[in-house]
Amino acid sequence: MFRTRRPTVRLLLVCALLVAGTTPAVVAAEPTSAPRLVSVYPNPLADGDAGEFVVVTTTGPQNLTLADGEGAIELSLPGGPVAISADPTATKALTDRPVVAVSGLELANGGERLVLSRGGRAVDTVVYEDAPAGERLLVDGDGREWRPLGYEPRPVLARGGAQVTAFVLPDSPDVALDTIRAADDRILLAGYTFTSPRVTRALVDASERGVRVRLLVDDAPVGGLTTREARMLDRLARADVEVRVIGGEGARFAFHHPKYAVVDHAALVLTENWKPSGTGGRSSRGWGVRVDSPTLAADLAALFASDIAGRDVTSWTRFRRGRAFTESDPLPASTFPTRHAPERVQVDAVRLLTAPGNAERAVVGVVDETDERLDVVQVSVERDHPFTHAAFDAARRGVEVRVLLSGAWYVREENEATAEWMNRRAERENLPLTARVADPGQRFEKIHAKGIVADDTVLVGSLNWNRHSSRENREVVLALESEAAASYYGEVFAADWRGGRGPGGLVWVAAVAAVAGVVLAWRRLRFEGAVDLSGAWDGEEHRTDR
């Protein structure tokens, strides 16, 4: 049905092509080589829905009909994927597909049934209901997914062996910093928040010696952009660093949440934010890896180039005009000993996983293929998530599963309840699965890592075990196939699993930890109304709407 504000002659020509069906009903009357409706964009952010379009793909020149039950339009298409639009000028600014102008195409925001026919026979059908503003419907076989305009699903990229430096935080903060300091040609840095004075200085120095430096961060982390982050980004912009922020209305991702850098021909991927408590080694247990691989570096550079070129990206100097920023939390003063030194190891293969898109399925695949051990470290886990279901399924196959959750004050109560729930369920089913809330002792302040050791596969990156992270955020994860890497991160996990527990699991630092927790909670709560809560939550551990 067409929008009532429009004439009844709204030819569903584009509508039929629109693949915007949230309640899909697709009639596959011909093989996949037949003409198909690839995507539908019925509800642009522009006034009057200017630029709405439908993408149709054909194997060559085709004469087709697009109809919605109220009207039809005859199409003469040149072949390949093309966007059909009644407003080609506006549409050309929204898609890189060739645009075919038609008259009468009007897509109803409230829903349409689009039928693509050839010679009087239906070859594809797409049904959608309410169309989210600024999002298009992507159609892939029987799959249907609404995604913000500009978002393109990416395949898992598998690469061969490489030398890597495996490290953890807070033990080895200099690995990331020294990698940046050694740059000769380029630094592409992607993050959620950025408040590190040391990394700022390293980026400024690199820019001054002729390195091209580009930085992309989220424009609205939980708690807001802080005065400290504004100072850091101002300083970088003055040093001719290209600083951009991503977000706003119609953004491709709920949060831009990855933590990685491409430095010359090396790829640096972390679980931690670019801040003193993260990469600075002043608080969080995190995992990181530097991969010396020109191929992987090129893959990450391509991802960076795609993300920074979106319509939801704004230069920092333009974005910050007239803005107020929230008060910064005091810098953490803690230091921690190096118990786990970095190790240089060989990996047999590396895979680049990204969310939204391929990461959720790929992670479930890794867990499903586990035969012996599965160690998971996370800030928290969502009980009804494919990752959690896969972990229980692994335990049912006899895999020894351990899940280590953060004991930070802002998630401790929730995690204690989750660990108890997992343990009770495992006990009822007699499964080899155990969950535990971390007791850091003097090793670190809080768990912030997002990692998995599954037999000889290690996952390192920004992906949390919740739907918001795996389906709405931009996330980056590396899957490392390596017995040596699994041994390194497995030993770190085992030590953190034991934590401050003495023989028999007794907590010998309980009193110290309790006092420290009270002081920490008081200090942070004092600033809760204006702090950068990403220092505690990272803006990701719980679903938080923009």
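1. Pro170 sits in the loop between strand S12 (162-169) and helix H3 (174-181); helices (H or I, at least four residues) and strands (E, at least two) are DSSP runs, numbered from the N terminus. The peptide bond from Leu169 to Pro170 is cis, with omega near 10°. There is another cis bond to look at, from Ala355 to Pro356, with omega near -5°. Pro356 belongs to the loop between strand S21 (349-355) and H8. As background, most residues other than glycine have a negative phi, and most peptide bonds are trans.

2. A word on ground rules: this is a predicted model, where local features need pLDDT of at least 70 and side-chain atom pairs count only at pLDDT 80 or more, while totals for chains, interfaces and linings use all residues. Residues are numbered from 1 along each chain as its sequence is written, and side-chain values use heavy atoms, with hydrogens and water left out.

3. Overall, the protein has 13 helices and 28 strands. Of its 546 residues, 59% are buried, where buried means under 20% relative accessible area, exposed over 50%, and partly exposed in between (1.4 Å probe, protein chains only). Taking contacts between residues at least 6 apart in sequence, 76% join residues at least 24 apart; contact means heavy atoms within 4.5 Å.

4. Asp49, in the loop between S1 and S2, has a positive phi of about 55° although it is not a glycine. Asp240 has a positive phi too, of about 65°, and lies in the loop between helix H5 (227-238) and strand S15 (242-246). Which of them is buried, and which is exposed? Asp49 counts as buried because its relative accessibility is 8%, whereas Asp240 is exposed, with a relative accessible area of 69%.

5. Now the loop between S13 and H4, which holds Thr193. Thr193 counts as buried, at 0% relative accessibility. Thr193 and Thr226 are 33 residues apart in sequence and 9.4 Å apart in space, C-alpha to C-alpha. Ser196 is in this loop as well, between strand S13 (186-190) and helix H4 (197-208), and counts as buried at 4%. Leaving aside neighbours within four places in sequence, Ser196 touches Met232, Trp274, Lys275 and Pro276.

6. Beyond its neighbours within four places in sequence, Tyr489 is in contact with residues including Phe167, Trp287, Val453, Val460 and Leu480.

7. Helix H9 (residues 386-396) has Phe387, Thr388, Ala390, Ala391, Phe392, Ala394 and Ala395 as its buried residues. These pack against several elements, among them helix H8 (359-368), helix H10 (412-429) and strand S24 (433-437). Just after H9, Gly398 takes a positive phi of about 100°.

8. How much space lies in the largest pocket? About 1300 Å³. For the method: on a 1 Å grid over the protein atoms alone, a cavity is a set of points where a 1.4 Å probe fits but cannot get out, and a pocket is an open set with protein on both sides within 12 Å along at least five of seven lines; lining residues have an atom within 4 Å of a point. Grid points are joined across faces, edges and corners, and a volume is the space filled by probe spheres set on the points. Of the 46 residues that line the largest pocket, the closest to its centre are Arg136, Leu138, Tyr151, Glu152 and Pro153.

9. Strand S9 (135-140) and strand S10 (143-148) are among the elements giving two or more residues to that lining. S9 and S10 run antiparallel, joined by 6 bridges (strands pair if DSSP finds at least two bridges between them). Leu138 has Glu145 in S10 as its bridge partner. The two strands form a hairpin with 2 residues between them, and Gly141 in the turn has a positive phi of about 65°.
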